[in-house]
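Keep the sequence beside the structure as you read.

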Amino acid sequence: MYDVLLKNGMLVLPDDVFAGDLALRGGRIAALGSGLDGPAAETVDVSGKLVLPGAIDPHVHMELPVGGTRSCDDFLTGTRAAAAGGVTTILDFTVGSRETTMVDDLSARLKAAAPSVIDYGFHAEMVGWTPARLDEMREVAERGVRSFKFFTAYAASGRRTENGPLFESMRVAAELGAVASVHAEDESLIQARLALMEDSEKARMTALGLSRPDLCEASAVHEVVWLADRAGVQVHIMHLSSALGLEEVREARRRGTDVTAETCPHYLLLTDEVYGRPDARFYSASPALRGDGDRRALWDALAAGDVDFLSTDHCPFTCAQKEWKGAFDRLPYGMGSVELMLPLAYSEGVLGGHLTLSGLAERTAAAAARRYGLWPRKGGLLPGADADVAVLDPAAEWTVSAGTLHSSCDFSPYEGRTIRGRIERTYSRGELVYSQGTFPARPGRGLFLAR
Ligand SMILES: [Zn+2]
């Protein structure tokens, strides 16, 4: 007997889409095919609906401390919002500091994440590098962390890892079979730009893009992939934002470097035009939003697979937290969209002609699962895999409004945008975690994914 039988849906598989049924049992996908007969404890008619692998958002920041405040979703509100958007797995980050070990950081974050309603994992953040960090990397790997986060920018807060330490860390990551994930922006180019900037210029939001242009991203990507290649490590470029940065990823791939890249909905759907608007401060993010040409280049790259998968870099701050304090660099950077990744990727990506349905599943689930050691448990509708499933109604048309989203944030960068396609129900390991505006599952049921 099945636990759940989803009947008559459009099942989206890696290389095929077919009308059929999906059976879940014991938290796993038991069978898929046409005309599956029960019995089942619950049968749900999903005619006309898309049945997708639960999405993986491999880059989110719940309750992240930044400059005296913290991102406004905790692990309960953030994972509920994720579930409402068809996301069944998130990868968040440990919060490093000069004073703590990476093992301490992981323990603290595991505690914070306990109320999650969906499954989660962590990238271990490298902050305040010392040689002792290399053993700490081995220790957190023992505990199931198989990806590390490095910054090439943000020297002031100790987050920047210089090339020497970065290379040595990459060698250890390679030994561990782990991924080196990098926030790639060239600190020195940014600092020089800032030094040349008048205070009057810094009082405008346009200064954000001017202080860290595409050149900064491309220069850092160039250097990082070169080092990664020599270290023999799998390298991943986070939140790729520019055509120039993309060219460096493509070039490295042509040379045979094991590099992947992600981009976020805001780099595909928004441009630096917003920095001229009165509400510009709400769009503070790093990397900065770019021009229309960058946006188009990223869509093409996502379609072609040169950008491997989507993430949201979900890091929401309320309007009050983004109160203007006289200069662009006094704002917390980040925006939230974990609930919108899959609906936007369907509405703008599939209906916009950039992605096939299989491509949608690949870019929102499978590719991230493979890169981060979650495949085949997560990321695809495969017999034996975790029953992580998103049911999307492609006929539903709705308008984004922060007030009706499930994040704690009172601002959405997509406010007023019409989306075609809405998540109707989401299953995590066979359990209904979201159903038409409700969250039937118990807080804390989400599992830490040791990789
Ligand atoms: Zn981030």
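In helix 8, the buried residues are Cys 216, Glu 217, Ala 218, Ala 220, Val 221, Val 224, Val 225, Leu 227, Ala 228 and Ala 231. Buried means under 20% relative accessible area, with a 1.4 Å probe and protein chains only. Helices are DSSP runs of H or I, at least four residues, numbered from the N terminus. This is a predicted model, in which local features need pLDDT of at least 70, side-chain atom pairs count only at pLDDT 80 or more, and totals for chains, interfaces and linings use all residues. Residues are numbered from 1 along each chain as its sequence is written, and side-chain values use heavy atoms, without hydrogens and water.

Helix 8 has 18 residues, which at 1.5 Å a residue should span 26 Å; its end C-alpha atoms are 26 Å apart, in agreement. The expected span is 1.5 Å times one less than the number of residues. Gly 232 follows helix 8, with a positive phi near 70 degrees.

Now look at its partner. The axes of helix 4 (residues 163-176) and helix 8 (residues 214-231) come within 9 Å and cross at roughly 45 degrees. Axes are lines fitted to C-alpha atoms, for helices over the stretch in contact, and angles run from 0 to 180 degrees between N-to-C directions. In helix 4, Asn 163, Leu 166, Phe 167, Met 170, Arg 171 and Ala 174 meet Glu 223, Val 224, Leu 227, Ala 228, Arg 230 and Ala 231 of helix 8. Contact means heavy atoms within 4.5 Å.

Elsewhere, Ala 301 sits in helix 11 (residues 292-304). Ala 301 is buried, at 0% relative accessible area.

Notes: Helix = DSSP H or I, 4+ residues; strand = E, 2+ residues; numbered from the N terminus. Buried < 20%, exposed > 50% of the residue type's maximum accessible area, 1.4 Å probe, protein only.
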